[in-house]
Every structure is written in structure tokens, then in C-alpha cells.
Amino acid sequence: MDNYKKNILITGGAGFIGSHVVRLFVNKYPEYNIVNLDKLTYAGNLANLKDIEDKPNYTFVKADIADLDEMRRIVRGHAIDGIIHLAAESHVDRSIKDPFTFARTNVMGTLALLQAAKEYWDTLPDKYEGKLFYHISTDEVYGALELTHPEGVESPFTTVASSAEHHHAFGTEFFLETTKYQPHSPYSASKASSDHFVRAYHDTYGMPTLVTNCSNNYGPYQFPEKLIPLFINNIRHGKPLPVYGKGENVRDWLFVEDHARAIDLIFHKGKVADTYNIGGFNEWKNIDLIKVIIRTVDRLLGNPEGHSEKLITYVTDRAGHDLRYAIDSRKLQRELGWEPSLQFEEGIEKTVRWYLEHQDWMDHITSGAYERYYEEMYSGR
Ligand code: NAD
Ligand code: TYD
């Protein structure tokens, strides 16, 4: 451990985005010691990290971020210099059923981690010098935007992520770093609260913190309760595709590896105490996105075009379903030069291929406990 330039704690590294961040850091920075801390809830899966688990600069620690004593022990024991905090309960539908778990992990867990870092760093001679607590948050804290162009108009902010055939904006407003927090779901309320605690530790104690708010991610290793992997898997099994409401809600999608690249850049070059929005100006109405997924899966499975459209099933809308998310990430592009690398069609193609080629990964998750939870969650819809 002593030979490493930095000891970096990544929380939630067995989850979807966290596993991409851990992989990127372990491979790109052999001079860093990477400690992955994860409770391994239903969403945490060490199979996501099989390819790097034997690397000498990687350690896994199973722990609950809400356990303050455990956080103290880990942060001190590994002499942590930097924290990239992704561990969270992350699914809106679960937060509607069980808000307390979200408050416990997302709010109290973040607070415990902040406090453990502060206590340890306070004992060091150079205190906060070279230290950073980087908190990963979501655009959902900003609430919902209006849908003023239901059919979509040409986006004023097209980037490489918005594909050649699709660069629509569904409204005139976008989330900026200065947009007022207005969370609606228990998930976004818990993330908003944790963001405030992170900033409070800077403003009150001078601790070096940073927050980023990212749009919806997609790509390999996403748990199949989220729209894209769920629908790919259901199409494969000929199961219904539950579209909430009319499918008119708009989300702004970013390929997960582009998010991980942004996290790397911001961890190293971001301004302490600042906030950056991360997104690719890539808005899609759910139903249009679902049709792209259907087309792609059918093509790759050798089904006739449109074959799986019959699986589309409109179901009761999600309670408090946010209408539109759209991130303005020009600050990150301007100040740190970040750009998404993939066009959406390429990203979707890559993603669908990955799930179809990793059916064992998917089947492992959708068997047993999770399958039972899922049945219960959606029964009566
Ligand atoms: P995920 O649900 O796939 O993974 C979360 C991970 O956190 C899991 O490995 C889980 O085991 C772990 N975890 C949960 N509770 C824990 C606890 N009490 N202690 C320790 N570990 C615990 O989530 P994700 O989609 O990878 O999201 C990661 C982070 O990024 C979250 O903070 C989320 O709010 C944020 N985010 C996600 C998206 C998205 O589209 N998925 C977009 C923006 C921001
Ligand atoms: P999701 O992947 O849960 O992400 P989030 O709620 O954080 O944006 O959902 C993406 C969109 O897809 C959202 O508008 C809800 C909708 N959705 C469905 O229509 N059906 C589903 O089965 C799921 C999981 C989501």
C-alpha cells in the first residue's frame, strides 16, 4: 500500500456505474491503490469486475456506508486520500415502495462517509491537502422540466452523443448547475439531501468536496430493473414490455463509459467545491427509445422487423413520474474539454450486443430472489 501514489476509495463499485469507474481507474492508474467498498445489495454484483479482480492495485471491501464505525475503520485503515462516492439505492420505483431504505443509505450513508473522511483527514499534518470527496449525483435532483415541444424540435445543443438522425429537444429549458433543487421522488429527495450534506461539509469545515449531476446512464452491467436492460431481456424472452403511462416521458441518455471518463477527468481536474452537470444532449421520448431497442434486438436476433412491437404493453403510470429531464453540460465541455465519445445509435448497438452476448450474466441475476421481488413489485400493475 505504501508504494502507491494515492489510495482511492470508490463506493458502490460493484454496481452499474461504479464497476465502470473501478475498471477505468484500476487499469489506467497502476500507481493508485483502488479500494472498492460495496455492501453487495441486490444491485451489487462482483461478477461485474471479474476482469480486474486479481490486479495488484485493487482491493474489495464488503461494508455498509451507513455504518459510521466501519467507515472510520476503512478510511483510516487504508489511509484514503480520495473518495469517489457512488454507493446508493438508485431505482425510483423501489424508492416509492420503500423510501426509508433510500434515506438510510443515500442520506445517512453519505453523512457517515463524510464524517469518517473528515475525522481521518483532520488528524493528518497536511489535513485536507491533496484530498477530495467526490460525490456522484443525478440530474433528478433538479425536478422535472416542461415538455413544450411534444414532437421534439432540433436541439440547440447537438453534440456527438446526439445521433445523426436524432437530435431533438422536447422543451426550451435545460438543467443548469444553478437550477434550483426540486426533487419529486423519494429517490431524488434522498440524493438532493446527500448533495446538500456534501456541500455543507465544504462550506462548514472547509473539506474539499465536489458534486456532479449526471443524466440517465445506459450500457453493460446495468441491473435489469432499469428500462434499457429490462426491455432487452424481456424482448429476448418474448415477455411484455411495461411502458409507464403513454410513454411520453423524456430522458436524456449517456453511455456509461462516457460518464466514467467524465468522472476521471473531474476527479483530477475539477475545481474543488464546484458542481458540474454531465450529459450528452441526447433526449429521447421513452416510446421512441423503446422502438429503437426493439428494432435493434430483433435485428440482432434475426427476427423480422417489428416482430417484438406486439410486446409493448401500456401500464399504470409511475406515481409522480417526472416528465422531462434534459442536462445542459456546456460548463463541463467548456472548462474541462469533456465530450461524449459515442453517438446514441452506436451506444445502443453496443449495449444490446453486450446483453445478448452475456446472457449468463443476465440469467444469473434474473433467477431466484430478484425474480421473486420483481413479480411482487409489478403484480397488480
Ligand atoms: P446501482 O444500483 O447499479 O449500484 C449501486 C451500488 O451501491 C451497488 O453495488 C450496491 O450494492 C451499492 N450499495 C447500495 N447500498 C449500499 C450501502 N448501504 N453501502 C454500501 N454499498 C451500497 O447504481 P448505479 O446506477 O450504478 O448508480 C451509481 C450512482 O450514480 C448512484 O449514486 C446514483 O444515484 C448515481 N447516478 C446514477 C445514474 C443512472 O442512470 N444509473 C445517473 C446519474 C447518477
Ligand atoms: P428508469 O430506467 O427507471 O430510470 P429513471 O426513472 O431514473 O429515469 O426509467 C427510465 C424511463 O422509463 C422512466 O421515464 C420510466 C420509464 N420506464 C417504463 O416506462 N417502464 C419500465 O418498466 C421502467 C423500468 C421504466
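This report describes the surroundings of two ligands and a few individual residues in a predicted model.

## Basis of the description

Because the model is predicted, local features are given only at pLDDT of at least 70 and side-chain atom pairs count only at pLDDT 80 or more, whereas totals for chains, interfaces and linings use all residues. Residues are numbered from 1 along each chain as its sequence is written, chains are lettered from A and ligands numbered from 1 in the order in which they are written, and side-chain values use heavy atoms, with hydrogens and water left out.

## The surroundings of ligand 1

The shell around ligand 1 holds 28 residues, and the closest of them are I17, D38, S90, Y187 and K191; a residue is near a molecule if one of its heavy atoms lies within 4 Å of it. Sorted by kind, this shell comprises 13 nonpolar, 11 polar and 4 charged residues, where Ala, Val, Leu, Ile, Met, Phe, Trp, Tyr, Cys and Pro count as nonpolar, Asp, Glu, Lys and Arg as charged, and the others, Gly among them, as polar. The elements α1 (16-28), β5 (132-138), α5 (186-205) and β9 (216-218) each contribute at least two residues, and β5 gives the largest share, with 3 residues. Helices (H or I, at least four residues) and strands (E, at least two) are DSSP runs, numbered from the N terminus.

Which residue has a polar side-chain atom 2.7 Å from an oxygen atom of ligand 1? That residue is Y187, while a backbone N or O atom of G44 lies 3.5 Å from an oxygen atom of the ligand, and a backbone N or O atom of A88 lies 3.5 Å from an oxygen atom of ligand 1. Taken alone, ligand 1 exposes 830 Å², of which the protein buries 97%; accessible areas come from the Shrake-Rupley method with a 1.4 Å probe, and for residues only the protein chains shown count as cover.

## The surroundings of ligand 2

Ligand 2 is surrounded by 18 residues, the closest being E140, P242, R251, R318 and H321, and its shell divides into 8 nonpolar, 5 polar and 5 charged residues. A polar side-chain atom of E140 lies 2.6 Å from an oxygen atom of ligand 2, a polar side-chain atom of R251 lies 2.7 Å from an oxygen atom of this ligand, and a polar backbone atom of L227 is 3.0 Å from an oxygen atom of ligand 2. On its own, ligand 2 has 500 Å² of accessible area, and the protein covers 97% of that. The elements that give two or more residues to this shell are α6 (227-237) and β10 (241-244).

Leaving aside neighbours within four places in sequence, R318 is in contact (heavy atoms within 4.5 Å) with H91, V92, D93, I96, Y244 and R251. R318 counts as buried because its relative accessibility is 15%, where buried means under 20% relative accessible area, exposed over 50%, and partly exposed in between (1.4 Å probe, protein chains only).

## Two buried residues

I327 is found in the loop between β14 (312-315) and α9 (330-336), and it is buried, with a relative accessible area of 0%. I327 and N277 are 50 residues apart in sequence, yet 6.7 Å apart in space, C-alpha to C-alpha.

T212 lies in strand β8 (residues 209-214) and is also buried, with a relative accessible area of 0%. Apart from neighbours within four places in sequence, T212 is in contact with Y134, H135, I136, S137, T138, I266, Y276 and I278.

## Positive phi angles

L40, which is not a glycine, has a positive phi of about 55°, and it is found in the loop between β2 (32-38) and β3 (58-62). L40 is partly exposed, with a relative accessible area of 25%. Phi of Y221, a residue other than glycine, is near 70°, a positive value. Y221 lies in the loop between β9 and α6 and is buried, with a relative accessible area of 15%.

Note on methods
A polar contact is a pair of N or O atoms within 3.5 Å; within protein, one must be able to donate a hydrogen and the other to accept it, and residues adjacent in sequence count only if both atoms are side-chain atoms.
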